[in-house]
Amino acid sequence: MKKSSIVTALGLLSALTLPLAAQAEGKISIAQQFGIGYLMLHVVKDQHLIEKHAKALGLDKIDVEWRTISGATAMNEALLAGAIDVVSAGVPPMLTVWDRSHGRQNVKAVAALGSLPGYVLSNREDVKTLDDLIEKDRLAVPAAGVGFQSRTLQIEAAKRYGKDDFQRFDAISISLPHPDATAALIKGGSEITAHFSSPPFQYQALENPKVHKLISSYDILGGPATFNVLYATEKFHDENPKTYKAFYDALVEAEQIIKADKAAAAEIYIRVENSKLPLDFVKKIIEDPENDFTVSPQRTFIYAEKLYEVGVLKNKAASWKDYFFEEAQANPGS
């Protein structure tokens, strides 16, 4: 073999055996879904808070990419594939990927996005409770079987009908984004007769006299509980400490901004979402005492316990701190 070829081969071998270089600081991609449950991210984006806090940490330039993805399954796949740095979904999808990535990518939660109730709604007059849903009904959820809505219903089904029947409502559930499910429920005449909704969509749907509430996620979980969380891989957290801290500090400031001026927060939501909703309607939702936009997790451990009991999770968490990065642990949580 020629000397030049040997040098090339050795160089290639050396490159293959060296550890991969850490991702350069100053770049973050964030994915969110639909609804006012993502208000804190809307404020972060609108007020350029990541850029502000990055500069304070010595990062003069930061590339922030925002994406919208519907459904927890797609979120989790994008995160594990390395296509997105930080994704957002309900607590159960986060716990699912925490469990699945344990000992590998080690996914953990970054922060809560707030405690908001989700309502199970129906447009069938004879459906008064979850017990009245039958085989012909179709219950719309963003991610059937695996999303926040389905997992919450699994906890309720296990309580009502026993552990062996915890997937009872999965049989009638279909995946549909909240905007489409809301339109179908209000219009009527389609296969959609129920929808596990979220703000602002449940408020819109309930303005229709034919739509009524069957149960709230707060009813199922025993009080105010985190609706959505942000989560990331251990690799992104550890290799980008300044970028990660800038993002977390931006979330903390977003919470402060919302609580200080809810009317301004409503304007931000409409502006970022390009929403056609009336300002007073959005302001009413933000001011609803049921809704608390906070980075502190509430009642997330109920999901960890119950989903472990029915076998959805293989790893048992000792507390909420097992599946949140340490930055979040500086605040109260549960």
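Visitor: In which helix do Glu-309 and Lys-306 both lie, and how many residues apart are they?

Guide: Both are in helix α14, three residues apart, which is about one turn of the helix. Helices here are DSSP runs of H or I with at least four residues, strands are runs of E with at least two, and both are numbered from the N terminus. This is a predicted model, in which local features need pLDDT of at least 70 and side-chain atom pairs count only at pLDDT 80 or more, while totals for chains, interfaces and linings use all residues. Residues are numbered from 1 along each chain as its sequence is written, and side-chain values use heavy atoms, with hydrogens and water left out.

Visitor: What makes Lys-259 and Glu-255 a salt bridge?

Guide: The term requires a side-chain nitrogen of Lys or Arg within 4 Å of a carboxyl oxygen of Asp or Glu. For Lys-259 and Glu-255 the N to O distance is 3.0 Å, so the pair qualifies. The two are four residues apart in helix α11, and therefore separated by about one helical turn. Lys-259 also meets Asp-292 in a salt bridge, at 3.3 Å from N to O. That pair links distant parts of the chain, 33 residues apart: Lys-259 is in helix α11 and Asp-292 in the loop between α13 (279-287) and α14.

Visitor: Why is Glu-255 called buried?

Guide: Buried means under 20% relative accessible area, exposed means over 50%, and partly exposed is in between (1.4 Å probe, protein chains only). Glu-255 has 14%, so the word is buried. Lys-259 has 43% and is therefore partly exposed.

Visitor: Why is the pair of Tyr-244 and Phe-325 called edge-to-face?

Guide: Rings of Phe, Tyr and Trp (its six-membered ring) pair if their centres lie within 6.5 Å; planes under 30 degrees apart count as stacked, over 60 as edge-to-face and the rest as tilted. The centres of Tyr-244 and Phe-325 are 5.8 Å apart and the planes are at 80°, so the pair is edge-to-face. Tyr-244 lies in helix α11 (residues 241-260) and Phe-325 in the segment after α14 (300-309), so parts 81 residues apart in sequence are tied together. Tyr-244 is buried at 1% relative accessibility, and Phe-325 is buried at 3%.

Visitor: How do you know that Trp-320 and Phe-324 are edge-to-face?

Guide: Their rings are 5.5 Å apart, centre to centre, with 70° between the planes, which makes the pair edge-to-face. Trp-320 and Phe-324 also belong to one aromatic cluster with Trp-98 and Tyr-323.
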